[in-house]
Every structure is written in structure tokens, then in C-alpha cells.
Amino acid sequence: MTMFSYTTLLAILTIFISTSAVGSCPPSDRAALLAFKAALHEPYLGIFNSWAGTDCCHNWYGVSCDMESKRVADINLRGESEDPIFQKAGRSGYMNGSISPSICKLKRLSSLTIADWKGISGPIPACITSLPFLRILDLIGNRISGQIPEDIGRLHRLAVLNIADNLLTSRIPRSLTNLSGLMHLDLRNNRIWGFIASRFRASSDVELSGEIPASLGKMAVLATLNLDANKLSGEIPYSLFNSAVGNLNLSKNSFHGYLPDVFGPRSYFMVLDLSYNNFWGPDTKIFVSSIIYRALGFESQPPMWEDPGRPTFRPPRSIIVCL
Ligand SMILES: *[C@@H]1O[C@H](CO)[C@@H](O)[C@H](O)[C@H]1NC(C)=O
Ligand SMILES: *[C@@H]1O[C@H](CO)[C@@H](O)[C@H](O)[C@H]1NC(C)=O
Ligand SMILES: *[C@@H]1O[C@H](CO)[C@@H](O)[C@H](O)[C@H]1NC(C)=O
């Protein structure tokens, strides 16, 4: 559903990763890749058959190197793909095994995508936070469990963190809000838990205690925040409604309490889904309409839908607010 913007974002980000075959692979990078491969089992497509020979920068499926450093920069393994190798096999990919910490020896790694293989389990290697060039971490659609590394905030170049549709049982690490370049944060459909302990304070700079840090809403470029289908509770930080976030799905958690009417001039939601929680507002019907009109970019009056003189606007794709 946020696929278009996400794909666009990926396209923009990967333009900067040079994907040409450079023709030399440091033996240490090759060894790290082979250890990574050894911890995985891909029975149907044979994608790892190409991981042979000494030059890992050339014709290794899903691997590409940086032209300047001549180091491995990009691992891109998607279980759902248009690649001919998948058409031939006539099915979507499946892999099990785990993500080897040897991946952390690829010190120039900029993008790590191991997505939609359905069977990969085990934790996210904690050492992943020692990869200073990492911009994309996309592990969606596996059976990865355990914690989001507590010091994920060290990855100061990270723009995409997508670990949706896994079995993570983590709190949201506090250090996450140190990722000032994060644009896309997708943690949906895990078992992420935590709560906001204290009431939000409207115009306070004091950070809230609790596990959804209020400072998430202060992340300047964060555009997508999907936390739906987890086990989060408490109240929603005020700052989230007045932030750069345009895709916000908090559906199917246990958030409760007063839903602040805080649609400011900056909030412009393409997608807003607060359904299946336990919110309440001042006067439910009027309140919900007011939220919708404000989210559409109007001050407080309902728009005149048939007025031909009305300037056109791009309506949100979805607004679902159930109190
Ligand atoms: C992966 O699946 C195969 C069967 O396809 C099984 O024999 C093997 O034990 C599995 N390995 C892991 C680590 O789950
Ligand atoms: C965020 O970064 C600042 C400055 O580098 C550091 O002092 C702080 O401890 C970090 N916060 C977390 C929660 O990691
Ligand atoms: C929000 O998340 C829920 C639960 O995962 C999902 O069913 C729903 O379609 C999402 N809402 C939107 C507007 O995408």
C-alpha cells in the first residue's frame, strides 16, 4: 500500500550505489559472503550456484561492489522477484537458515536486502550496527525473531529500516530516534511491545518515558511509520501528529486514551489508520470529521465538494480513524 513511495525511495537510494562489475573482490569479502551463504538453505532456485569463483563482484547473484573501494556494497536477495530465474522455477522463493554475523565483515555494505524468503529465522546479528555505510536494511517477510539491536542509532546513514512481517519481540530501541536520515520505518506485523507510561505533554520538549519515544515524531524526514499489528499500548505521542510522517498506521495495537486533536499545518496524511485501538475523543462523530477535514488540509469547515471554483487538492489514499 505504501509500495509506490517505498519503491521510488529505493530507486533513488540505489542510484548512488554503483552496481557495475568492478572485477575484483577482496578475499576477506568473499570469505564473508561464503560464510553468509553457508548459514542459508535455498532449495528451489539455486540462486547461490552463481556464488562461485574468486570474483564476488562479478556475476554473483544479488551481489554488487562499490567502484571506488572495490568492496561489496550491496546484497539484494528478494524472494518475490521478476527475475527470470524465478519465472523458470515457477514459484516464489523460499529459504531457511539464519543471517550469519559474518555479514558484519563487509564493512562497506550500503544495502542489505534479504526479503520475503518466508523461512529465514534467528536474530538480526547485533554486529550489524557496526556497518557505518548501511543505508538500507530490508528483512521483510521472514521468521526473524529476537530484538532490534539496542544501538541501531549508530547506523547514522540509515534511510530505510524495514523488518515488517517477522517474529520480532522487541521494544522500540530508544536510539532509533538518533537516525536523523530515516525515511521509512516499517515494523508492522511483529510482536513489538511497550507502552507510553506518562501522559503526553502538548508543547513540551521533555521526552516521554515509555517505549514509543515521542521524539519519533521529531525525526525530520521520517515519512512512513508502520507499527500496525503489534502489541503496543499507552497513548500516542503528540509529536507524531505534527510531524513529517505522511503514512502512519498504528492499527491493531492496544493504544488507548484521549486522541489529541492536533492536526497542525504540517500534518498531511496520505495514509492514517488508527483503527482497532481504544481511543476516545471529545465528541466522537464531530471529532472524527474534524480530524478528516484537517488531515485533508482544511482549517475546520467541511469542504464544499461540488464547488467548481474550489482549488483542487490531492486527497489522502486512506484515512481510517476508529475511536
Ligand atoms: C531447512 O529446511 C530443510 C528442508 O527443506 C531442513 O532439512 C532443514 O533442517 C532446515 N534448516 C533450518 C535451519 O531450519
Ligand atoms: C544519540 O546520539 C547522541 C549524540 O551522539 C548520544 O549522546 C546519545 O547517547 C544517543 N542516544 C541514544 C539513545 O543512543
Ligand atoms: C493498517 O494496518 C492494518 C493491520 O496490519 C491493515 O489491516 C490495514 O490495511 C492498514 N491500513 C491501511 C490504510 O493500509
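The model is predicted, so local features need pLDDT of at least 70 and side-chain atom pairs count only at pLDDT 80 or more, while totals for chains, interfaces and linings use all residues. Residues are numbered from 1 along each chain as its sequence is written, and chains are lettered from A and ligands numbered from 1 in the order in which they are written.

Ten strands make up an open sheet with mixed pairing. Helices (H or I, at least four residues) and strands (E, at least two) are DSSP runs, numbered from the N terminus. Two strands pair if DSSP finds at least two bridges between them. The order in this sheet is S2-S3-S5-S7-S9-S11-S13-S15-S17-S19. Strand S2 (63-65) and S19 are the edge strands, and each pairs on one side only. From one strand to the next, the twist averages 15°. For such angles, axes are lines fitted to C-alpha atoms, for helices over the stretch in contact, and angles run from 0 to 180 degrees between N-to-C directions. Strands of a sheet pair through backbone hydrogen bonds, either parallel or antiparallel.

S2 and S3 are antiparallel, with three bridges. Val63 has Ile75 in S3 as its bridge partner. The two strands S2 and S3 form a hairpin, with six residues between them. In the turn, Lys70 has a positive phi of about 55°. S3 then pairs with S5 in the parallel sense over five bridges. Here Asn76 stands opposite Thr113 in S5. Strand S5 (residues 111-115) also pairs with strand S7 (residues 136-138), again parallel, over three bridges. In that pair, Ser111 has Ile136 in S7 as its bridge partner.

Burial was examined next. A residue is buried if 20 or more other C-beta atoms lie within 10 Å of its own, exposed if 12 or fewer, and partly exposed in between; C-beta atoms are placed from the backbone. Strand S3 (residues 72-78) is mostly covered, with six of its seven residues buried. Asp138 lies in strand S7. Asp138 counts as buried because it has 23 C-beta neighbours inside 10 Å. The C-alpha atoms of Asp138 and Thr113 are separated by 4.6 Å, although these residues are 25 apart along the chain.

In soluble globular proteins, nonpolar side chains tend to be buried together.

A second open sheet has three strands, in the order S1-S4-S6, with mixed pairing. Strand S1 (40-41) and strand S6 (118-121) stand at the edges with a single partner strand each, so one side of each is left without a neighbour in the sheet. S1 and S4 are antiparallel and share two bridges. His41 has Asn96 in S4 as its bridge partner. Strand S4 (residues 95-98) and S6 run parallel and are joined by four bridges. Gly97 has Ile120 in S6 as its bridge partner, and Ser98 has Ser121.

The ligand surroundings were then listed. A residue is near a molecule or strand if its C-beta atom, placed from the backbone, lies within 6 Å of it. Ligand 1 is surrounded by His41, Pro43, Asn96 and Gly97. Around ligand 2 are Gly153, Arg174, Ser175 and Asn178. Ligand 3 is surrounded by twelve residues, and the closest are Asp228, Asn249, Ser251, Asp273 and Ser318. Strand S17 (271-273) and strand S19 (318-320) are the elements that give two or more residues to the shell around ligand 3.
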